[in-house]
Amino acid sequence: MMRNNQSVRRLFGGIGLVCLLLCISICVSCAKTQVSDSALITISAEDANEMMQAQDCLIVDVRTRQEYAEKHIPQAVNIPLDEIGSSIPQKILDAKGPVLLYCRSGRRSHQAAEKLVSLGMETVYDFGGIIDWPYETVSSDEEAEMISPVLMLDHHEQTETDGILFEVTGFADNMLYAEITNQSDAVYVYGEAFELRVKENGEWKQVPWADEPVWIEVAWELAPGESAQVKCAMTLVKTIDSGEYMLVKGGLETPFTLVYSE
């Protein structure tokens, strides 16, 4: 009889321990859920559409490149789920407003949102899949055919410093063109050390490069009477928009203006 009582006590003790561990597990899980819910916000397609109309949102399609090309939400950028690795993609870091994610059915967008939250994103909105999106969609081919304003060169000046002429001569397909002419009596050495500045609130500020710029067709020196055209992809600039700019090379400075076509 005593042995039976001991067996019963052990049984109930074991059950109690299991229940205790289960309660602890549930509490920890709830705590994690509460933390995630504060950053990962699930919204409906209708709510997402209202946010897009009212704010400057970054819409992120986390499907594959092929899926995105076939059909996507207008103005959405394509950042496939497998490209979100150990750091937050730069496009998302540069977002000026809420970040809204979607995929095909909602599974990948939720995974992407969880990744971004784990990487430090304070708020991410997940509005599910494009299969439940009742509003406009476009293909990449249709989007390419839409007429949109193009950034182009407007005002520009040729400047002269110690016999060296310097001028920005063109801007097309995100490529900036400049020309340097040596009218002095000595060899002019210039290399690749160009700086780009933008006028903000009446002051010139340096524009940061997203990566080390590569100036194409740059020679290291110009003999008297020689001239050279150089060019650089402005996709290497973190932010490029309409405005007043200045290209600087040592003591040389030449102003130019970028505007959007009508």
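Asn49 is buried, as its relative accessible area is 15% (buried means under 20%, exposed over 50% and partly exposed in between, with a 1.4 Å probe and protein chains only). This is a predicted model, in which local features need pLDDT of at least 70 and side-chain atom pairs count only at pLDDT 80 or more, while totals for chains, interfaces and linings use all residues. Residues are numbered from 1 along each chain as its sequence is written, and side-chain values use heavy atoms, leaving out hydrogens and water.

Asn49 sits in helix α2, residues 45–54 (helices are DSSP runs of H or I with at least four residues, strands are runs of E with at least two, and both are numbered from the N terminus). Setting aside residues up to four places away in sequence, Asn49 touches Trp133 and Tyr135, where contact means heavy atoms within 4.5 Å.

Now for the rings. Phe, Tyr and Trp rings (the six-membered one for Trp) pair if their centres lie within 6.5 Å; planes under 30 degrees apart are stacked, over 60 edge-to-face and the rest tilted. The count comes to 5 aromatic pairs. Trp133 and Tyr135 form an edge-to-face pair, 5.0 Å centre to centre with 70 degrees between the planes. Trp133 is buried at 8% relative accessible area, whereas Tyr135 is partly exposed at 32%.

Phe166 and Phe194 make a tilted pair, because their centres are 6.3 Å apart and their planes are at 40 degrees. Phe166 belongs to strand β8 (164–172) and Phe194 to the loop between β10 (188–189) and β11 (195–200), so the pair ties together parts 28 residues apart in sequence.
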